[in-house]
Amino acid sequence: MCRTYLIIVLIAISQISIAKNYHLQSPDGKIELTVKVDKGVEWSLMYQQKSVIDKGSFNITINQSDELVGTLNSKKSSSTVESEYIESIVPTKFRNLKVDYSKLIVQLNKTISVEFRLYNNGFAYRLLLRFDNDLSINNEDITLKFPDNSRVLFPKEDKLQSHYERIYVDDKLSALSNGQFASLPLLVQTKEGVSIVITDADLYDYPCLFLKKVEGNTLKSLFPKAVNAVNPSERGPDRNEIITAEADYIARTKGRRSLPWRVFAIAETDKQLLENQLVYNLSRTSKDDFSWVKPGKVAWDWWNDNNIWGVDFKSGINTQTYKYYIDFAADFGLEYIILDEGWSASTLNLTESNINIDIPKLIEYGKSKNVGVILWVLWKPFYENIDKVLNQFKQWGVVGVKVDFMQRADQQMVNVYATIAAKAAEYKMLVDFHGAFKPSGLRRAYPNVLTYEGVKGLENCKWSDLITPEHNLTLPFTRMVAGPMDYTPGAMINRHKKNYSISWSSPMSIGTRAHQVALYVVFESPLQMLSDNPSNYRKEMECTQFIAKIPSVFDVTYPIDAKIGKYLIVTRKTGDKWYLAALNNQEEEREFEVSLDFLDDKKWKVEVLQDGINADKHAEDYKIITYSVIKNDKLKVKMVKGGGFTAIRSEEHTS
């Protein structure tokens with residue numbers, strides 16, 4: 001009996017000696033990570049001594065074997081504090097940024113390590129694999145338990161095949177039904193108001209992460225399986241697929257690699273999310289010269305249904321119509337036009353144009369006016385003939401592609417994105433991904449990838465009333481944290497909700513004209529659309545000229561004030577010019593006084609486009625005012641319900 005007792009004691013001592021706890025703090029000391037390695041890996045996260053994630057855990061199943069179950073031996077670890085200087089070739093938030101982070105690497109067993117990083121504005125971790133041979137990853141099991149009474153902004157999906165364009169369900173996390181799942185980014189906010197935006201970064205050769213509500217305040221990972229076979233759908237067989245066979249794994253991949261970062265952007269105040277670019281910072285850098293990449297604004301045809309008026313030709317998908325788009329772009333200094341669906345001989349034949357368009361002639365005309373031409377393509381016929389199509393496009397003089405209808409987020413599709421980005425870079429062409437999942441860091445390695453859809457944008461106004469000012473005031477704190485979004489702003493027909501109607505050929509927006517203009521500063525997209533038709537823009541010359549002055553990239557971002565779903569005020573800078581924008585929801589009129597403490601010590605000319613005196617009744621009413629300001633002046637920002645405000649500090653005032 002005594003011997004039995006001794007054996008039990010020895011086993012207990014052995015187990016205690018194996019268990020390891022690790023602690024890591026962010027450089028500013030506000031975020032604290034605790035990691036426990038024993039029979040598995042568990043972690044928790046604190047912000048300012050308050051829990052933001054009560055318990056996180058992960059495991060990975062490789063070749064049908066759970067790799068991180070059972071007592072782990074984590075004798076080897078290293079902890080450092082590091083700095084990195086990041087230069088964005090195509091900047092949306094910052095062109096140059098110094099980031100500090102604390103790093104902890106723990107070797108869990110002979111083949112798997114985990115790297116944790118704490119930044120002052122977030123947390124991330126990834127698994128590092130060191131297997132000798134290729135392997136099948138059957139699952140990566142991630143569990144996240146949040147504090148009680150946490151709020152969630154949940155982009156609920158009905159299936160894993162999707163355009164990933166969602167309205168965010170705003171509710172208590174505990175109130176969601178078990179089994180509901182969401183694409184990312186997803187936002188959880190604690191009862192103390194600390195926000196955690198969850199997404200992934202450095203995503204290569206691996207499926208996108210989804211999160212599923214399982215119980216209480218707990219979310220669990222969900223991944224699309226690798227696809228073995230597909231059939232065309234009867235509903236749009238040229239673009240829609242039905243997955244008919246899946247593998248029993250989520251990824252078949254190299255044994256020596258890092259998995260994607262699991263990213264948790266953290267903000268004490270809502271406005272801090274507007275400057276968070278952790279996804280970009282954590283992703284791999286470009287290896288080639290991308291100095292040729294030219295961001296800019298685009299005259300776009302599809303949203304306005306080519307509904308041109310006041311001309312002496314029949315508008316439609318023809319050479320005359322697109323010459324009109326080019327003339328418009330040239331007159332207002334826009335860099336590009338897009339020819340959306342219909343330009344090609346068919347959606348499957350991308351090397352010939354339809355009989356009504358002379359592509360070479362049109363492109364030569366565009367070159368004479370310094371306007372580039374971008375062509376829309378369906379992803380599959382483009383991908384399956386990518387060199388042939390890109391070679392033809394290069395001969396024509398096309399400058400970029402808008403790739404559409406991917407509608408999947410499995411490993412194969414993630415690899416399709418990377419291949420398209422790399423091939424387009426070889427041909428020095430820009431890329432705009434539509435029908436797409438959210439950005440996950442690819443644009444840092446391939447800066448020619450300028451923007452992604454993966455957002456419920458203005459196009460939905462053609463068939464719904466879902467694109468409200470409240471929705472617009474949710475996106476900057478959720479989807480935009482992952483990266484640029486091709487929302488396609490610029491509606492020139494504007495209505496308040498009670499006067500709004502759905503129209504395919506003359507679509508309109510909900511909210512004021514000033515709200516639409518402010519989106520050009522607030523919403524990030526280095527390839528930024530002017531979605532309405534050139535005839536409407538020409539009718540409103542003063543407003544269009546104002547929009548044309550706003551760039552599509554910014555060197556500095558400085559958020560001033562914000563409340564998710566309610567209002568925001570943000571300032572951005574490009575070169576020596578500052579741009580301030582504000583948005584309001586439909587709840588109430590709002591007025592702010594903004595200190596111009598970010599200005600240089602000079603007298604500056606400021607041009608303001610704001611809601612007109614009757615904008616509360618007539619949403620298209622706006623007013624442009626020009627006056628002089630100096631550093632620390634107070635700028636009055638007044639917005640009606642659903643309104644907006646934009647100020648451009650354009651030049652030094654010498655008078």
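Two strands are taken to pair if DSSP finds at least two bridges between them, and helices (H or I, at least four residues) and strands (E, at least two) are DSSP runs that are numbered from the N terminus. The structure is a predicted model, in which local features need pLDDT of at least 70 and side-chain atom pairs count only at pLDDT 80 or more, whereas totals for chains, interfaces and linings use all residues. Residues are numbered from 1 along each chain as its sequence is written, and side-chain values use heavy atoms, with hydrogens and water left out.

On these terms, seven strands form an open sheet with parallel pairing, in the order β29-β28-β27-β26-β25-β24-β32. Its edges are formed by β29 (449-452) and β32 (527-530), each of which pairs on one side only. From one strand to the next the twist averages 25°, where axes are lines fitted to C-alpha atoms, for helices over the stretch in contact, and angles run from 0 to 180 degrees between N-to-C directions. Within the sheet, strand β27 (residues 400-404) and strand β28 (residues 430-433) run parallel and are joined by four bridges; Lys 402 has Asp 432 in β28 as its bridge partner. Helix α7 (residues 411-426) lies across β27, β28 and β29, and runs at about 155° to β28.

The packing of side chains was described through nonpolar cores, defined as sets of buried Ala, Val, Leu, Ile, Met, Phe, Trp, Tyr and Cys residues joined through side-chain atoms within 4.5 Å. Here buried means under 20% relative accessible area and exposed over 50%, with partly exposed in between (1.4 Å probe, protein chains only). The largest nonpolar core has 192 residues, and Trp 43, Phe 58 and Phe 433 are those with the most contacts inside it. Helix α7 provides the largest share of this core, namely nine residues. A second, separate core of 20 residues includes Ile 569, Phe 592, Leu 596 and Leu 599. With contact meaning heavy atoms within 4.5 Å, and with residues up to four places away in sequence not counted, Phe 433 touches Val 403, Met 406, Tyr 417, Ile 420, Leu 442, Val 449, Thr 451, Tyr 452 and Glu 453.

Charged side chains were examined next, a salt bridge being a side-chain nitrogen of Lys or Arg within 4 Å of a carboxyl oxygen of Asp or Glu. By this rule the count comes to 39 salt bridges. In one of them the side chains of Arg 262 and Glu 140 meet at 2.8 Å, N to O. Arg 262 lies in strand β23 (residues 261-267) and Glu 140 in strand β10 (residues 135-145), so this pair ties together parts that are 122 residues apart in sequence. Arg 262 counts as buried at 2% relative accessibility, and Glu 140 counts as buried at 1%. The side chains of Asp 200 and Lys 438 also meet in a salt bridge (2.8 Å, N to O). Because Asp 200 lies in strand β16 (residues 195-201) and Lys 438 in the loop between β28 and α8 (442-445), the pair ties together parts that are 238 residues apart in sequence. Both Asp 200 and Lys 438 are buried. A further salt bridge is formed between the side chains of Glu 588 and Arg 590 (3.9 Å, N to O), in which Glu 588 counts as partly exposed at 38% relative accessibility, whereas Arg 590 is buried with a relative accessible area of 10%. Salt bridges that share partners join Glu 140, Asp 200, Arg 262 and Lys 438 into one network.

Some backbone features are located in loops. A cis peptide bond, with omega about 5°, joins Leu 184 and Pro 185, and Pro 185 lies in the loop between β14 (181-182) and β15 (186-189). Asp 205, a residue other than glycine, has a positive phi near 50°; Asp 205 is placed in the loop between β16 and β17 (210-215) and counts as partly exposed at 24% relative accessibility. Asp 305, likewise not a glycine, has a positive phi of about 60°, is found in the loop between β24 (296-300) and α3 (319-331), and is partly exposed with a relative accessible area of 34%.
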